[in-house]
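Subject: The structure I promised you

Hello,

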Amino acid sequence: MTVEPGFLQQLKNVDAEVQDPVAAARKKAGMVTLWISTSPNEFFRELRQDAPIFASPLFLIVTRYRDVREVYDNPDVFTIDPLKGKITKDIGPFVLGMNSSPEYDRQKSLLRLAFPREDVARFRQIVEEETAALLEPLASGGELDLVGQYTRLLPAVTMRRYLGVSRIAPADIMRWTRPLFHDIFANLANDPGVEAAAAAAHAEATAALQRLLLKQRGRLVVHSSAPTVLARMLGMRGTPATRMSEAEIRSCLLGLMVGAVDLTSIACVTAILQLLARPDALAAATDAAQQGNEAAVAGHVWEALRLRSPVAGLFRLCAADYTLARGTDRETRVKAGTLVFSSNGSAMQDEAELDGPEAYRVGRPPRHYLFFESGVHSCLGKYFSMTQIPLAVLAVLRLGQLSVLEPLQRDGGFPSRLRVKLA
């Protein structure tokens, strides 16, 4: 019986098989990228055991929980620079593309005023109304494309209402956000086709948002008792200290949409598929959903996603020589200019931090769930996502027995179609 060599051994074998160092590095880079995409749990498990801070041909991979947190907790060393140029180009002046700075502090403070946590209750009501509307045709059973008709559409319609951009069609929001997200977060090779699609989406979205702002020009007072994000931004323009330019408003609205649509869809689809693969967990989550127990459903959702993280990790650029994991047996000197891949997905399965990390166990400490954590760039909409994702899953499970009719289809790595049947 032939035993497949481990991931690290396969990389070593390339050096023996390919004589040209450049070609060898290119091949190994492709292998690492493929493994992160298709076999992340298995690949990161081997790295945590044998090479927890691993210098791959493309970037340094950080896999242990404490080391991942150390990267995020030192934003002046591990900067957002790998994404900064793309975010500025594809979205505009938006906080996600800014390093820790006075500019970052100013915009984040303004966004907290326009996009406050106190709005979560009102956002929950919007999500509940939209999930009911989207799933109403399935109340008595039937078939559904879970992605196209639900998990991508839901965040588009909820953010459209909450942000105050109802003049923009949900189909337009979905058409813009995917190429922008793809170019910013998944186009490491700078594919010209991906960049061109993002440029076209940016131009169309910016023009539509500018037309919307032109209709609102001069409106400085928020009249509604439950104002939208856009209404608040316009109201804030009446005070010099909180005034945002039209370009800044456009980029913030677009950035919030880009951050919401596909990530929410990926999380919902992944959680449902993980539950379907675990009959006992699915039964417990379904029972909780039918009782309307949102907290219990959320517990299942986060544990399911911990075992298959929607995002494997985030990139940072080391701005100065730094010793990572100092004083441990994995202590590593990281040179300035090194591209670093900090793996949240691996950290959430770190044997040194979690008890029985491969076991499905609802109720783990909140600190072990790193879906929204990245230091100063931790998710701005964290509490809104923590509301919408479990509610979206709950609404599906409440309808009855769910079965998958065909394998999940993908488009450039993104879920694009998943036909399911509800009985």
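One term before we start: I say that two residues touch, or are in contact, when they have heavy atoms within 4.5 Å. Please also keep in mind that this is a predicted model.

With that in hand, take M233. Leaving out residues up to four places away in sequence, M233 touches L111, A114, M244, I249, C252 and L253. M233 also belongs to the largest nonpolar core, which has 95 residues; together with Y150, L163 and L253, M233 touches the most other members. Helix α13 supplies the largest share of this core, 16 residues. There is a second, separate core as well, with 19 residues, among them A24, F43, A51 and F315. As background, nonpolar side chains in soluble globular proteins tend to be buried together.

Next, helix α13 and its partners. How do the axes of α10 and α13 cross? Helix α10 (residues 170-186) and helix α13 (residues 246-276) have axes that come within 9 Å and cross at roughly 90 degrees. Angles of 65 to 115 degrees count as roughly perpendicular, so α10 is roughly perpendicular to α13. On the α10 side the contact uses I173, M174, T177, R178, L180 and F181, and these meet L254, M257, V258, V261, D262 and L263 in α13. Sorted by class, the residues in this contact are 9 nonpolar, 1 polar and 2 charged.

Helix α13 also packs with helix α15 (residues 294-307), at an angle of about 90 degrees and with the axes 9 Å apart. That angle makes α13 roughly perpendicular to α15. From α13, the residues involved are A267, T270, A271, Q274 and L275; from α15, they are H300, V301, A304, L305 and L307. Here the classes come out as 7 nonpolar, 3 polar and no charged residues.

Q274 deserves a look of its own. Q274 lies in helix α13. Is Q274 buried or exposed? Its relative accessibility is 17%, so Q274 counts as buried. Not counting residues up to four places away in sequence, Q274 touches A304, L307 and R308.

Now to the strands. An open sheet is formed by 5 strands in the order β1-β2-β8-β5-β3, with mixed pairing. Its edge strands are β1 (53-55) and β3 (78-79), each of which pairs on one side only. Strand β1 pairs with strand β2 (residues 60-62) in the antiparallel sense over 3 bridges, and the bridge partner of I53 in β2 is V62. Helix α5 (residues 81-90) packs on the sheet, where it touches β3, β5 (314-318) and β8 (339-342); the direction of α5 makes about 110 degrees with that of β5.

F54 sits in strand β1. With a relative accessibility of 15%, F54 counts as buried. Setting aside neighbours within four places in sequence, F54 is in contact with L8, L11, L47, F59, L60 and I61.

Elsewhere, strand β10 (residues 409-411) and strand β11 (residues 414-417) pair in the antiparallel sense over 3 bridges, with D411 standing opposite F414 in β11. The two strands form a hairpin with 2 residues between them, and G412 in the turn has a positive phi of about 60 degrees.

- N190, in the loop between α10 and α11 (192-216), has a positive phi of about 55 degrees although it is not a glycine. At 39% relative accessibility, N190 counts as partly exposed.
- A325, in the loop between β6 (322-324) and β7 (332-334), has a positive phi of about 60 degrees and is not a glycine either. At 4% relative accessibility, A325 counts as buried.
- R367, in the loop between α16 (344-347) and α17 (382-397), touches Y65, R69 and E353, not counting residues up to four places away in sequence.

Happy browsing, and do write back with any questions.

Best wishes

Definitions and conventions
Residues are numbered from 1 along each chain as its sequence is written. This is a predicted model: local features need pLDDT of at least 70, side-chain atom pairs count only at pLDDT 80 or more; totals for chains, interfaces and linings use all residues. Side-chain values use heavy atoms; hydrogens and water are left out. Axes are lines fitted to C-alpha atoms, for helices over the stretch in contact, and angles run from 0 to 180 degrees between N-to-C directions. Helices (H or I, at least four residues) and strands (E, at least two) are DSSP runs, numbered from the N terminus. Angles under 35 degrees count as roughly parallel, over 145 as roughly antiparallel, 65 to 115 as roughly perpendicular and the rest as oblique. Ala, Val, Leu, Ile, Met, Phe, Trp, Tyr, Cys and Pro count as nonpolar, Asp, Glu, Lys and Arg as charged, and the others, Gly among them, as polar. A nonpolar core is a set of buried Ala, Val, Leu, Ile, Met, Phe, Trp, Tyr and Cys residues joined through side-chain atoms within 4.5 Å. Buried means under 20% relative accessible area, exposed over 50%, partly exposed in between (1.4 Å probe, protein chains only). Two strands pair if DSSP finds at least two bridges between them.
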